[in-house]
Amino acid sequence: MFQFSNANIQLYSELDLTVYYGRVLPCADYTTSVNNECVCKLGYEPNLNTCQPCAEGSYKEEASNASCKTCFDGSFSFAGADTKADCLCVLGSASDGNTCVLCPVNTYKSFVGNHSCLSCHEHSLSVIGSTSVSDCKCGLGYTPDENQLC
């Protein structure tokens with residue numbers, strides 16, 4: 001159980017807000033105050049006299065009036081992305097930390113995200129950039145069983 005002492009509590013109605021006049025800058029929607037200037041929030045960029053969400057395929061990681069940055073090749077993001085990690089690799093590719101690279105031979109990736117490509121089952125092969133386990137075909141001398149394993 002918590003106990004509070006009234007000795008150090010000051011009600012908001014008793015605060016003298018005049019000390020903040022001129023130091024607090026009211027800003028419009030999707031903006032914030034930085035160094036006494038209203039700038040666009042993370043994930044937003046300036047457009048005329050307002051801030052708009054970063055477009056799909058772009059992001060912005062700082063509060064500023066800078067433009068959004070384009071996601072790395074082979075990736076996309078949803079509108080309003082506020083970090084590079086929001087740029088997701090498409091099917092058949094995975095992140096190497098800086099860009100999306102196609103899944104190598106004998107692997108595939110059937111989902112969006114920056115996770116690794118998955119290995120094909122034993123004795124099966126796939127081409128670069130495969131997007132489904134069904135792209136993994138049995139190697140020479142092997143045939144698929146009822147579970148499609150070689």
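This is a predicted model: local features need pLDDT of at least 70, side-chain atom pairs count only at pLDDT 80 or more; totals for chains, interfaces and linings use all residues.
Me: OK, how do E1 and E2 run, and how many bridges join them?
Reply: Strand E1 (residues 31-34) and strand E2 (residues 37-40) run antiparallel and are joined by four bridges, with Val39 in E2 as the bridge partner of Thr32.

Me: And what about the turn there, which residue has a positive phi?
Reply: The hairpin leaves two residues between E1 and E2, and Asn35 in that turn has a positive phi of about 50 degrees.

Me: What do E3 and E4 look like, then?
Reply: Strand E3 (residues 44-47) pairs with strand E4 (residues 50-53) in the antiparallel sense over four bridges, and Glu45 stands opposite Gln52 in E4. This hairpin has two residues between the strands, and Leu48 takes a positive phi near 60 degrees.

Me: How many helices and strands are there in the protein?
Reply: The protein has zero helices and 14 strands.

Me: Switching to Ser93, is it buried or exposed?
Reply: Ser93, which is found in strand E9 (residues 93-95), counts as buried because its relative accessibility is 4%, where buried means under 20% relative accessible area, exposed over 50% and partly exposed in between, with a 1.4 Å probe and protein chains only.

Me: Which residues does Ser93 touch?
Reply: Leaving aside residues up to four places away in sequence, Ser93 touches Gly74, Cys100, Val101, Leu102, Cys103, Lys109, Gly113 and Cys117, a contact being heavy atoms within 4.5 Å.

Me: How much of the whole protein is buried?
Reply: Of the 150 residues, 25% count as buried.

Me: And how many contacts join residues at least 24 apart?
Reply: Among contacts between residues at least 6 apart in sequence, 23% join residues at least 24 apart.

Me: Last one, what is the accessible surface of the protein?
Reply: The accessible surface comes to about 10,500 Å², of which 54% belongs to carbon and sulfur atoms, as computed by the Shrake-Rupley method with a 1.4 Å probe.

Methods
Residues are numbered from 1 along each chain as its sequence is written. Side-chain values use heavy atoms; hydrogens and water are left out. Two strands pair if DSSP finds at least two bridges between them.
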